[in-house]
Amino acid sequence: MKRSLYYIALMFVICIASCSSDESSSTDDMVGVGDDDGGDGSIPNNARSTGASAAELLTTADFDQLVIEAIYLNGAEPRSASLDNLEDFLEARLNKPDGIQIIERNIQVENEDSYTIDEIAQIEEDNRTQFNTENAIAVSVIFANRPNAANQGNSVVLGTAYRNTSLVMFQETIEEFSGGVGQPSRVVLESTVYNHEFGHIMGLVNLGTPLQSDHEDANNPKHCDVDGCLMFFEVNGGNILDLMGLSSVPEFDSQCLADLRANGGR
Ligand SMILES: [Zn+2]
Ligand SMILES: [Zn+2]
């Protein structure tokens, strides 16, 4: 196997730091409570930076239920097994006694060649219907029908966590790099990307969930330095991940798990 042919540089989270602060002002109207984090008894909102809802997801302090709004652009649907995997993954980590609900919607959008994260955020703002309530925290996941505009050759963005409860998965790119000869199965790659991005909104690594040990990758901030961990992915060049060797979905290593548990997760 000429594995080097299939190396992909992942840029899972190019937007974590750069997009979170400047977008919050334009999305305050998403829930009508400004930048409130709920500290005064109001409902924490959906327009904060990536990682800001880590404890709200992990614990029962604010919410007992999780509602995921899965928005498919022009039919860009994942495999149902990938959504089942995601639900199992989240149930194992989050304290949500009233359960996890996934609401699926297919919407039609004008066909673009590619999307910037700002354009994805606008689609979310125009179409999202699920927001935090008294009992439930809501997460919006856009499943994009076209690639990220920043893709260059084998350096591709498969998903991005761009706000505290906002994710995008680039389905066309995931499909391109899965299911073929020498590639991981589509369900394995989808589940890897989905779980990884949810890991970011759970506050990993050092992104709202405090470090219990020194395992943030100095060369790839907000990621884990343990090779093989779900949160170990190179951003751009350098150590690139042999994703094509994936035969199963990576799991959190012990240090990421310790961080989540110390912040109230399971
Ligand atoms: Zn990442
Ligand atoms: Zn880790």
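Donors are N, O and S atoms within 2.8 Å of the metal (3.2 Å for Na, K and Ca), and sites may look incomplete since water is not among the atoms. This is a predicted model, in which local features need pLDDT of at least 70. Residues are numbered from 1 along each chain as its sequence is written.

**Exercise 1.** Find the protein donors of the zinc ion (ligand 2) and name their arrangement.

*Solution.* 
Step 1. Along the chain the spacing reads C-x4-C-x23-D-x2-C.
Step 2. The 4 donor atoms subtend angles of 96 to 117°. Four donors count as tetrahedral if all angles lie between 85 and 135 degrees, so this arrangement is tetrahedral.
Step 3. Cys 224 is buried at 0% relative accessible area, and Cys 229 is buried at 3%. Buried means under 20% relative accessible area (1.4 Å probe, protein chains only).

**Exercise 2.** Which residues coordinate the zinc ion (ligand 1), and which parts does the pair His 200 and His 223 tie together?

*Solution.* 
Step 1. His 196, His 200 and His 223 each coordinate through NE2, at 2.0 to 2.1 Å.
Step 2. Their spacing in sequence is H-x3-H-x22-H.
Step 3. His 200 lies in helix H6 (residues 186–201), while His 223 sits in the loop between H6 and helix H7 (254–262), so the pair ties together parts 23 residues apart in sequence. Helices are DSSP runs (H or I, at least four residues), numbered from the N terminus.
Step 4. His 200 is buried at 0% relative accessibility; His 223 is buried at 1%.

How values were computed:
Chains are lettered from A and ligands numbered from 1 in the order in which they are written. This is a predicted model: local features need pLDDT of at least 70, side-chain atom pairs count only at pLDDT 80 or more; totals for chains, interfaces and linings use all residues. Side-chain values use heavy atoms; hydrogens and water are left out. Helices (H or I, at least four residues) and strands (E, at least two) are DSSP runs, numbered from the N terminus. Buried means under 20% relative accessible area, exposed over 50%, partly exposed in between (1.4 Å probe, protein chains only). Four donors count as tetrahedral if all angles lie between 85 and 135 degrees; four count as square planar and six as octahedral if opposite donors are over 155 degrees apart and all others between 65 and 115; anything else is irregular.
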